[in-house]
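Colleague: Could you take me through this one? I would like to start with the sheet and then go to the interface.

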Amino acid sequence: MKTMKFGEAIERALAFAMERDKNIIIIGEDVHTLRANLYTQFGRERVRSTPISESAFLGAGVTAAMAGLHPVVEIMLVDFTAVCFDAILNHAAKVNFFSGGSWTVPLVIRASCGGGYGDGGQHEQCLWGIFAHIPGVSVAVPSNPADAGGLMLAALNADHPVIYLDHKMLNEAWLDYMGYGGRSNVKFDVPKDGIQGQIPDNWEPLPIGQAKICREGRDVTLISLGISVHRCISAAEELQKQNISTEVIDLRWVRPLDKKAIISSVQKTGVLVVVDEDYENCGLSGEISAICNEANLQFRFGRICTQTTIPFARASEDETLPNVHRIINMVQKLLKKDKVV
Amino acid sequence: MSEVDVWKLYALMFQSRRIEESIKELWDQGKVPGEMHLGIGEEAIYAGVLSQLIEGDAVALDHRGTGPMVMRGVNLENLILECAGHPDGLGKGQGGHMHLFSKDHLMASSGIVGSSGPAAAGFALAAQTKKSRNIAVAFFGEGALNQGMMMESMNLAVAWQLPVLFVCKDNNWAITTHSKEMTGATPLDRAKAFGMNGVAIDGTDVMTVWSIVHEVLPIMREKGGPYFIAAQCDHPQGHFLGDPLQRFIKDPLKEFGKSTGPLIKAVLAVHGTRIDKRLANLGKILSLIGQSRAPMKNFQDPFLKMQQALAADGTKRSEIEKRINQDIMVLMNKIENKLSSAMIGGAH
C-alpha cells in the first residue's frame with residue numbers, strides 16, 4: 001500500500017493507463033502546465049493544450065473518440081460545461097443510440113467541481129445531476145484518492161462517455177490553485193481522509209455503477225458522494241455518541257445508480273437521508289427517493305442539498321453547502337417522527 | 001469630457017490602482033478567500049473608455065471588474081466589502097469579485113470567459129430599440145476571442161448594427177498559455193473579417209485610448225454599429241493573485257521543491273515518448289516559467305506613459321495623489337474594522 005494525495009492518484013492512474021494505451025490523449029486548457037508531469041512524459045501530441053474554445057475541443061473530442069482515440073477532455077471547472085453542453089447532451093450521449101449501437105464514443109470528460117473555498121456561484125457548482133439526467137453517459141464522483149484512481153481507470157475502460165468530476169476541496173492541486181493561491185493564512189474545512197489516503201498496490205478499475213458502504217449501521221442510512229461522504233462520516237461519529245447507529249453509503253456513481261445498495265440499506269434502517277452537494281430541485285436526492293418508493297419500501301426521508309446559488313461569503317457558503325450539523329439535525333428530526341407503519 | 005482632461009484620467013487611474021492594491025492586501029491577509037483577478041496594468045484602457053461614457057451607457061465586464069467599477073463611480077466601500085464577502089458588499093457579499101453587478105451603473109460582470117460579448121450586445125439592443133443614443137462596452141481578454149459566444153456576438157453586432165464598443169485587453173497570455181500559439185489571425189483581423197471597423201493600439205497609453213474612443217463614440221451614438229479596439233497591456237500579477245508560474249519566480253525553493261520529484265519521475269518513467277523529447281517537453285515548461293517574469297520585470301505600466309504629460313505640474317499631481325491616498329486610508333480603516341468584527345473572510 002502506498003499513500004497518495006487525491007490529485008496525485010488521478011494523475012498516476014492516467015499515466016498508468018496512458019502507458020498501456022496509446023490511444024488515450026488529454027485535451028484541455030493549460031494542460032501543459034496543469035498536467036506538467038504527463039506533458040513531460042508523453043509530449044504535446046498526447047497532452048494537448050487548447051484555446052479557450054470548449055465547444056470546439058469537446059465536440060472534437062466526441063468524434064476523435066468515434067475515430068478510435070480515447071480522449072480525456074478536461075473542462076477546467078464543471079461550471080464551464082455550460083458553454084459546450086451541446087457536445088455532451090446531443091452528441092456524445094446519443095451517437096451510440098443513433099448508430100443502432102454500432103458506433104461507440106469512448107470519451108472521458110473530466111472537470112473539477114464543488115465548493116467550500118470561496119470562489120462564488122459560477123465556479124463552485126457540482127451539476128452531476130444535470131449530466132445524470134441524460135441517457136447514454138455515466139457520471140463518476142470520487143471521494144478519496146483510491147477511488148479517484150480506480151474510477152478514472154473505470155472511465156478509461158468504458159466504451160461510452162463518462163463524466164468524471166473531481167471535487168476541488170479534495171484535489172490538493174485544485175485547492176492550491178483556486179483556494180489557497182500559495183497562502184497559508186486561509187483555512188478551509190478539508191477532510192483529511194479525502195485529500196490523502198492509501199492506494200492499492202495493483203491499480204484496478206472500479207466496477208461501473210457500484211457504490212461502497214463506508215460504514216455499517218442499523219438506525220439510519222446516509223447516502224452521499226464526493227466530499228459530502230466525509231461530512232456524513234463525521235456526522236455518523238457524532239450520532240454514535242447518541243447511540244444512533246448510522247450507515248454511510250458512498251455512491252461513487254451518479255449514473256448508473258447502485259439501486260441494489262440503496263434499497264437494501266434503506267430496507268434495513270427505514271430512515272434515509274440523502275446528502276448531496278448538488279442542487280436539490282429535480283436532482284439526485286429526489287431520484288433516490290423515487291427508487292425506494294418504486295421498491296415499495298416504507299421509510300422516512302430527508303435530504304441535505306444545495307438549495308440556492310452558492311454564496312461567495314464564506315460563512316453563508318458553509319451553511320448553504322451540506323455540513324455536519326445540518327445532517328445531524330435532519331437525522332434527529334426524522335428519528336423523532338413516529339415510525340411509518 | 002469633450003476635451004481631454006489628463007488630470008481627471010490620472011485621478012481615475014490612480015484611484016483604481018490604489019483600490020486594487022488595497023484589495024490585494026486584503027487577499028494577502030487571507031481576508032479574501034479563493035481567486036482574485038485584478039485589473040492592475042489595464043487602467044489606461046478603462047480610464048480612456050469609461051471617462052467618456054454618459055448616463056445610460058452600459059458596461060459588460062469580465063472577471064476583472066473592480067477597476068472599471070471604481071472608475072464608473074460605484075460606492076467604494078460596497079465594492080471592496082463585496083470582494084471580502086461582507087453583508088454590506090455591493091451584492092450583499094453573495095457574488096464576490098467575479099460577479100459584480102450595479103444596476104444603477106448598468107454594469108454586469110461574469111466569471112465565464114467570453115460572456116461580456118453577448119451581454120454588451122443585449123445592452124446595446126435595448127439602447128437601439130429605445131432609440132436612446134446610448135452604447136454598450138464589452139471588456140474582455142484576447143483569450144476570450146476564441147470563445148464561440150464572443151465571435152457570435154461580434155457577428156450579431158454587425159448584423160444588427162448594435163452600438164457595441166468591443167474592447168479587447170490583450171496581454172498575450174491565457175493563464176499559462178501563449179495566446180498566439182492558440183489563435184488564428186490577430187484580434188483586429190478577426191473583427192475586420194466580421195465587417196467591423198477597429199484599431200490596434202497601445203493600451204498602456206491612456207491618451208491613445210481616449211483619443212480613439214473620443215473619435216468613435218459620437219458616430220456610434222449617431223449611426224449605431226459596433227467598433228473594435230485591440231489594446232495591448234500587461235498583467236504584472238499574472239492571471240490572478242498566486243499565479244502558478246509567477247510563484248516559481250517568487251518562491252523557487254518552495255515551488256521547485258514540490259514539483260521536481262514528479263517531473264524527474266516523468267522523465268525517467270519506463271514508458272512514454274523518447275527521452276530527448278521528454279527533456280524538450282520539460283524545457284518548454286521551464287521556459288514558460290522564465291517568460292512569466294516578463295510582465296513582472298518589464299511591466300509596461302500605464303502610469304509611466306503619463307509621466308511626461310504630468311511633469312509640468314508636479315504639485316498638482318502630488319495633491320491629487322495625497323487626496324486619493326487619504327480617502328483610501330480612511331476607507332480601508334473602516335473596512336478593516338468591519339471585516340475584523342465580522343470575521344467574514346477566508347481566515348477563521
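Modeller: We take the sheet first, then the contact between the chains. This is a predicted model, where local features need pLDDT of at least 70, side-chain atom pairs count only at pLDDT 80 or more, and totals for chains, interfaces and linings use all residues. Residues are numbered from 1 along each chain as its sequence is written, chains are lettered from A and ligands numbered from 1 in written order, and side-chain values use heavy atoms, without hydrogens and water.

Colleague: What is the strand order in the open sheet of chain A?

Modeller: The seven strands run β3-β2-β4-β5-β7-β6-β12, with mixed pairing. Strands here are DSSP runs of E, at least two residues, numbered from the N terminus, and two of them pair if DSSP finds at least two bridges between them.

Colleague: Which strands stand at the edges?

Modeller: β3 (47-49) and β12 (253-255) of chain A; each has a single partner strand, so one side of each lacks a neighbour in the sheet.

Colleague: And β4 with β5 in chain A, parallel or antiparallel?

Modeller: Parallel, with five bridges between β4 (residues 70-77) and β5 (residues 108-113). V73(A), for instance, has I109(A) as its bridge partner.

Colleague: Now the interface. How many residues does each chain put into the contact?

Modeller: Chain A gives 46 and chain B gives 58, where contact means heavy atoms within 4.5 Å.

Colleague: How many salt bridges cross between chain A and chain B?

Modeller: Two, by the rule of a Lys or Arg side-chain nitrogen within 4 Å of an Asp or Glu carboxyl oxygen. One joins D176(A) to K258(B), with the closest N and O atoms 3.7 Å apart.

How values were computed: Helices (H or I, at least four residues) and strands (E, at least two) are DSSP runs, numbered from the N terminus.
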